[in-house]
Amino acid sequence: MGGFYQPCLSAATRYARAVGYFRSSIFTILGSAFLDFARRGGTARLVCSPSITEDDAQAIASGYISRDEAIAQAINRDILELLSDPGLESCTKLLATLINCGALDIRLAIRKNSNGIYHEKIGIFTDVVGDRVSFLGSANETWSAWHAQGNHESIEVFREWVSSAESERVQTHAAHFERLWNGVVPGVDTLIFPEAQRRKLLTMAASSLDDIDGGFTHEPAPILRQHRQPMEHQLKAIAAWENAGRHGILEHATGSGKTFTAITAIKKHLAMDQPVIVFVPSQLLLEQWRREIEEEIPDATVLMCGGGHSKWKKHGKLRAHTSPDLGMNRVILSTMQTGATESFLSAVYEGPHLLIIADEIHQIGSKFNSRAMAIKSGAALGLSATPIRYGDPEGTEKIFRRFGPIISPPITLQDAIKSGRLVNYEYYPHPINLSEDEAENWKRLTKQVSLELARSKNTEGGSGGLTEKAKMLLIQRSRIAKKAQIKPSLAAGIICKSFEEGQRWLVYCEDSDQLKQTMNLLTDGGLQPIEYHSSMEGDRSSALQWFTRFGGILVSIKCLDEGIDIPAVSHAFILASSQNPRQFIQRRGRVLRKSGEKMLAVIHDAIVVPVDSASEPEQISLLKAEMIRALQFADAAINMGAGSRLRMLALSMGISVDEASAIGIEEEEEVNDQ
């Protein structure tokens with residue numbers, strides 16, 4: 001249908017379009033014509049429907065969110081998807097530039113009091129002398145509607161100058177569009193495009209139409225990628241693992257290339273026509289591993305298990321993929337949670353032909369996940385920067401008994417920085433105090449913990465160890481520090497003052513309340529933060545792609561701790577951290593990954609300290625715990641002054657440096673990988 005659209009647009013000076021769906025992909029076939037139209041002074045008005053999902057509609061009907069909030073969320077989803085697709089970059093740039101220079105104005109049509117959507121489709125072209133052509137039919141304003149290889153669509157066309165009947169139809173269409181544009185069509189609300197979402201889209205705009213150089217292609221040119229070759233430390237690690245009987249754990253720092261090291265081992269095993277099972281702790285890592293396997297072993301047959309994938313359950317598929325006699329390059333990628341289920345365990349063909357790999361291996365030691373370790377195999381390889389399970393010696397022992405010892409030598413953070421795998425970093429701790437109410441709650445819970453420990457010790461046969469009640473009290477107490485009221489304003493103040501375009505800030509929050517407060521304060525400061533957490537509305541992957549590609553401030557809760565690859569992160573602000581060394585080591589590693597021209601990372605850290613040791617002695621244990629993380633961060637940073645200031649602070653509170661470095665952690669953390 002481009003044979004109709006392009007000639008009309010080339011002769012028009014005005015274009016009005018009311019349509020159910022609009023996508024910038026239409027510019028892949030009409031981009032040049034639209035650009036010429038705008039350069040000639042042409043203007044277009046578009047009324048379309050936002051992509052309200054069924055979940056959005058139900059949330060509105062239930063009163064969970066307002067209609068305006070649902071519309072903003074829907075547009076955010078569309079814009080993030082649009083801006084994160086490299087194949088549509090030229091089209092998105094044209095769309096943003098047309099809006100920015102006033103050649104295109106967009107309004108949104110919403111059905112009143114209905115879960116249905118606005119879905120009529122009419123268009124009117126007007127030329128320089130006022131003659132008009134209108135059309136209506138099934139076509140949306142999308143690539144699939146107008147391209148010859150897209151949908152089968154039909155339209156009716158009416159020319160105002162041909163006959164009175166056609167003229168009447170054109171006038172009817174034009175009048176209806178004007179009523180729609182002005183918001184007076186019964187049953188339909190017409191809304192101005194939300195300003196916040198408009199500003200986000202305009203980040204892609206060129207300075208003028210003259211700066212648009214075309215290049216509108218629907219399919220991006222294929223990127224020829226040469227397969228990576230393993231580095232010396234990776235080859236040595238695999239050789240050491242093989243010398244240990246193909247059992248062992250690689251304790252390699254984040255950013256040292258653990259995944260690719262494992263893929264090197266996988267290639268060797270597949271060369272023997274035998275299958276590999278890879279266990280990962282999350283859906284995000286499952287997809288990340290699939291991309292790595294597809295890139296590095298393109299002829300591999302990958303069977304996905306868990307994370308929404310269920311085909312492995314059908315027709316003995318998992319048993320066939322794990323059998324010793326099938327041949328082919330077979331890789332089974334599974335979440336640990338799925339691998340621990342009875343249906344998975346009973347379907348696997350066990351035996352010495354199997355290689356089992358566990359990424360982030362500490363997660364497989366949990367009470368439930370450890371069931372997956374019952375699968376018998378001839379070889380086993382574990383991967384983690386921190387294989388020891390914090391506070392769980394039994395789970396740790398299970399891991400080492402099944403997978404074998406740590407393969408020497410481990411690769412430390414300093415090793416990875418020295419070898420150029422990670423960048424250097426600056427560390428800025430920010431001492432803060434609890435509020436009066438928070439300090440009082442801390443004092444109250446500390447007293448309750450002491451009483452519970454004393455009660456346990458005095459009980460006949462009691463050891464004085466942590467009871468379940470004591471553990472819960474310690475968790476409650478630790479959350480007081482993690483959620484200190486001053487933290488969101490601290491982060492917002494520093495970020496608003498320091499943030500520059502092109503930077504990528506990652507903010508770690510404790511929970512949704514802290515995230516929401518931080519988001520609101522950043523927004524009030526004129527910034528546009530992006531939220532990222534497991535229960536968020538919309539597409540998390542699009543949000544991540546947007547952040548990675550264009551930068552900004554990503555405010556998250558825990559879900560970026562393990563294995564998710566965002567090397568472009570330039571700054572991190574740690575508002576909430578457990579005392580689990582694994583967590584803060586992994587978070588630091590997220591920020592230090594190399595990317596492009598990135599040579600340095602910056603980490604800000606909120607450190608809770610007492611007002612003074614005399615008036616708040618019960619908070620000294622908190623300061624000692626905070627100091628463990630802070631001193632580890634400071635001692636590896638290039639700005640040595642941070643460590644000096646922390647040591648001065650410890651001494652001012654009556655804590656020796658050695659004590660601060662060696663103190664055991666009192667707080668019991670929730671185990672999130674059960």
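Helices (H or I, at least four residues) and strands (E, at least two) are DSSP runs, numbered from the N terminus. By that rule, Asp273 lies in the loop between H10 and strand E9 (276–280). The model is predicted: local features need pLDDT of at least 70, side-chain atom pairs count only at pLDDT 80 or more, and totals for chains, interfaces and linings use all residues. Residues are numbered from 1 along each chain as its sequence is written, and side-chain values use heavy atoms, with hydrogens and water left out.

Start with the whole protein. Its secondary structure comes to 25 helices and 19 strands. Of its 674 residues, 53% count as buried. Buried means under 20% relative accessible area, exposed over 50%, and partly exposed in between (1.4 Å probe, protein chains only). The accessible surface comes to about 30200 Å², and carbon and sulfur atoms hold 51% of it. These areas come from the Shrake-Rupley method with a 1.4 Å probe; for residues, only the protein chains shown count as cover. Contact means heavy atoms within 4.5 Å. Among contacts between residues at least 6 apart in sequence, 77% join residues at least 24 apart.

Asp273 has a phi near 60°, a positive value in a residue other than glycine. At 41% relative accessibility, Asp273 is partly exposed. Arg246 also has a positive phi, near 60°, and is not a glycine. Arg246 sits in the loop between helix H9 (232–243) and E8. Its relative accessible area is 22%, so Arg246 counts as partly exposed.

Helix H10 itself spans residues 258–270 and holds Thr261. Thr261 is buried, with a relative accessible area of 0%. Which residues does Thr261 contact, leaving aside its neighbours within four places in sequence? They are Gln234, Ala237, Ile238 and Leu250. With Gln234, the link is a polar contact between side chains, at 3.4 Å. A polar contact is a pair of N or O atoms within 3.5 Å; within protein, one must be able to donate a hydrogen and the other to accept it, and residues adjacent in sequence count only if both atoms are side-chain atoms.

Gly255 is in the loop between strand E8 (247–251) and H10. Gly255 is buried, at 8% relative accessible area. Beyond four places in sequence, Gly255 contacts Arg421, Leu422 and Arg593. Gly255 and Ile417 are 162 residues apart in sequence, yet their C-alpha atoms are 9.1 Å apart in space.

Leu422 and Ile417 lead on to Leu592. Leu592 touches both of them, along with Leu413, Val423, Tyr425, Lys598 and Ala601, not counting residues up to four places away in sequence. Leu592 also belongs to the largest nonpolar core, which has 43 residues. A nonpolar core is a set of buried Ala, Val, Leu, Ile, Met, Phe, Trp, Tyr and Cys residues joined through side-chain atoms within 4.5 Å. Tyr425, Tyr427 and Leu592 have the most contacts inside this largest core. Helix H23 (residues 620–635) gives the largest share of this core, seven residues. Apart from this core lies another, of 38 residues, among them Tyr15, Ile71, Ile75 and Leu201.

Tyr15 takes us to the strands. Two strands pair if DSSP finds at least two bridges between them. Strand E1 (residues 12–19) runs antiparallel to E4, joined by six bridges. The bridge partner of Tyr15 in E4 is Phe125. Phe125 also stands opposite Val133 in E5. E4 and strand E5 (residues 132–137) are antiparallel, with five bridges. Their hairpin has four residues between the strands, and Gly130 there takes a positive phi near 100°. Five of the six residues of E4 (residues 122–127) are buried, so this strand is largely enclosed by the rest of the structure.

Strand E15 (residues 504–509) has six of six residues buried, so it too is largely enclosed by the rest of the structure. In a regular strand the side chains alternate between the two faces of the sheet. In E15, Arg504, Leu506 and Tyr508 point one way, and Trp505, Val507 and Cys509 the other. E15 pairs in the parallel sense with strand E17 (residues 552–557) over six bridges. It also pairs in the parallel sense with strand E18 (residues 571–574), over four bridges. Arg504 stands opposite Gly552 in E17, and Tyr508 has Ile574 in E18 as its bridge partner.
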